[in-house]
Amino acid sequence: MSSPEHSPHSDGTGRSLKPLRAHFAAVVALIVSVGFLLVVLSLVADDVTGLVLVFVWVFVIAFFGWFFVTRRGYRRLLVLPAISWALINLFGFAYDHKVALPVLIGVLALFGLAARYAVRNAKATVEVARRPRLAEPARRGVLIINPKSGGGKAERFNLSGEARKRGIEPFLLGPDDDLCELARRAVVEGADVIGMAGGDGSQALVASVAMEHDVAHVCVPAGTRNHLALDLGLDRDDVVGALDAFTDGAERRIDLASLNERIFVNNASLGIYAQVVQSDAYRDGKFGTWKRMLPDMLGRDAATTDLEFDTPHAKDWANASLVIVSNNPYQLRRFRGVGTRPRLDSGRLGIFATRMRGAHAVAKLVTLGTIGQHRRLGGVLQWSPLEFEVRASAPIAVGLDGEALVLEAPLRFVSLPGALRVRVPRHAHGVSPAGAAVALTHRNLWALLRIAAGKPTIAPSQR
């Protein structure tokens, strides 16, 4: 074992370099944040009217864009001049500030890099309970492969052969096979680590079996979008590298969630998205399906949904156009990491609900959303409960981890804290884009000040 004097993480006197690096990175981040503020003030002082007009143009684009996507026929083309005018003005503003805007973006990016480095190297940044522990190699690892997932990724990457090289037994999923039964059979035959090479819907089914038998689960990103892999901090382009979790992995517990006792790993969508994915044409032409169905769902003659649920501040909140129930809350307020989850172990559901009725409401939502203030609208709600129930007078269309379902009401969602043992390769960074981001907020600046001063701190807020 290396002595402190020769440790790559010490300075030759036995002191760890990590706190010193964290201190330096925090100082850099704080200096850069001052620079960011100066650039913003300079931009505001230089063109206050232009900045105000930017929000006007965004509003115009969203307002008339709503008419364009929710109307049919040639009449919708009448809004194109207004959209074009607003776009030209936005590009003009960007050209007039072709130096200041790139500098602003660069300074913000430098702050993010320095702040993330400071946080990762500071002492006590992340609670010990959340740190993955190194795992022994699988005694009998099994990998179930969906050969059709991701347009045939399994065959392109020769997953069966790569699994055998690592002593992992591959099972190919046939067209008539029951995925859950295949996973249960593998566990009964002695598998202590079971992996799934496929999309998120397949991951959820195998995860439910792994949870039931308390065996470790390995996510191999061989699907199309692989949202679970992204939030686990895996490299979605390194499909073969994910197999290292069987032989050289780290293990931690994450939450699962259930909908009427069906396990899901990502989210359930209700409303317009769920209605679109029910279409048989959706798989072959997503854009065309949206274009064809949006006028019926959101146009002037669209019927209101009868989804009904309770919120922290109101009973029987109704007429939601879109409801997303996620296994742990999504980060939706900042550009970096948007649509990913900072944590998979908060023990909470994430609820996002909105009413998208009328061009004016949608334009306000888009305009405020550009500065992360969409929750100030009465038609947008976000909260994080342990359980959630949706009521309706008829069966409800649901998109569950991308799979189209129609379920009887009521829908009961429950968080299952720490339900799944999951393994990732030791070389994976293990942090989602939202989890890695450190926003320029007063809370995070205070945390960076404490790191720079060498004082104990907790992780800066991801909110």
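A residue is called buried here when its relative accessible area is under 20%, exposed when it is over 50%, and partly exposed in between, with a 1.4 Å probe and protein chains only counted. By that scale Val48 is partly exposed, because its relative accessible area is 46%. The structure is a predicted model, in which local features need pLDDT of at least 70 and side-chain atom pairs count only at pLDDT 80 or more, while totals for chains, interfaces and linings use all residues. Residues are numbered from 1 along each chain as its sequence is written, and side-chain values use heavy atoms, with hydrogens and water left out.

Val48 lies in helix α2, where helices (H or I, at least four residues) and strands (E, at least two) are DSSP runs numbered from the N terminus. On the surface, Val44, Val48, Val52, Leu53 and Val56 form a nonpolar patch with about 350 Å² of accessible area together, and helix α2, residues 48–70, gives the most to this patch, with four residues. Patches are made of residues with over 30% relative accessible area and no salt bridge, with like charges joined within 9 Å and nonpolar side chains (Val, Leu, Ile, Met, Phe, Trp, Tyr) within 5 Å. Accessible areas come from the Shrake-Rupley method with a 1.4 Å probe, and for residues only the protein chains shown count as cover; a salt bridge is a side-chain nitrogen of Lys or Arg within 4 Å of a carboxyl oxygen of Asp or Glu.

Helix α3, residues 80–96, has 17 residues and reaches 24 Å from its first C-alpha to its last, close to the 24 Å expected at 1.5 Å a residue, the expected span being 1.5 Å times one less than the number of residues. Within α3, Ile83, Ala86 and Phe93 are buried. Seen down the axis of α3, these buried residues fall within an arc of 90°, so they line one face of the helix; the arc is that of the directions from the helix axis to the C-beta atoms. The face turned away from this buried side carries the exposed residues Pro81, Ile88, Phe91, Tyr95 and Asp96. An α-helix has 3.6 residues a turn, so residues three or four places apart point the same way.

Helix α15, residues 442–452, has Asn444, Ala447, Leu448, Ile451 and Ala452 buried. Viewed down the axis of α15, its buried residues fall within an arc of 140°, so they line one face of the helix, whereas the face turned away from that side carries the exposed residues His442 and Trp446. After α15 comes Gly454, with a positive phi near 75°.

Other backbone features are found in loops. Most residues other than glycine have a negative phi, and most peptide bonds are trans. Glu261, in the loop between β6 (249–259) and β7, has a positive phi near 75°, and this residue is exposed, with a relative accessible area of 76%. Asp401, in the loop between β15 (396–400) and β16, also has a positive phi, of about 50°, but Asp401 is buried, with a relative accessible area of 9%. A cis peptide bond joins Ala409 and Pro410, with omega about 0°, and Pro410 is found in the loop between β16 (403–407) and β17 (411–425).

Arg262 is found in strand β7, residues 262–264, and counts as partly exposed at 41% relative accessibility. Leaving aside neighbours within four places in sequence, Arg262 is in contact (heavy atoms within 4.5 Å) with Ala257, Leu400, Leu405 and Leu407. The C-alpha atoms of Arg262 and Phe413 are separated by 9.2 Å, although these residues are 151 residues apart along the chain.
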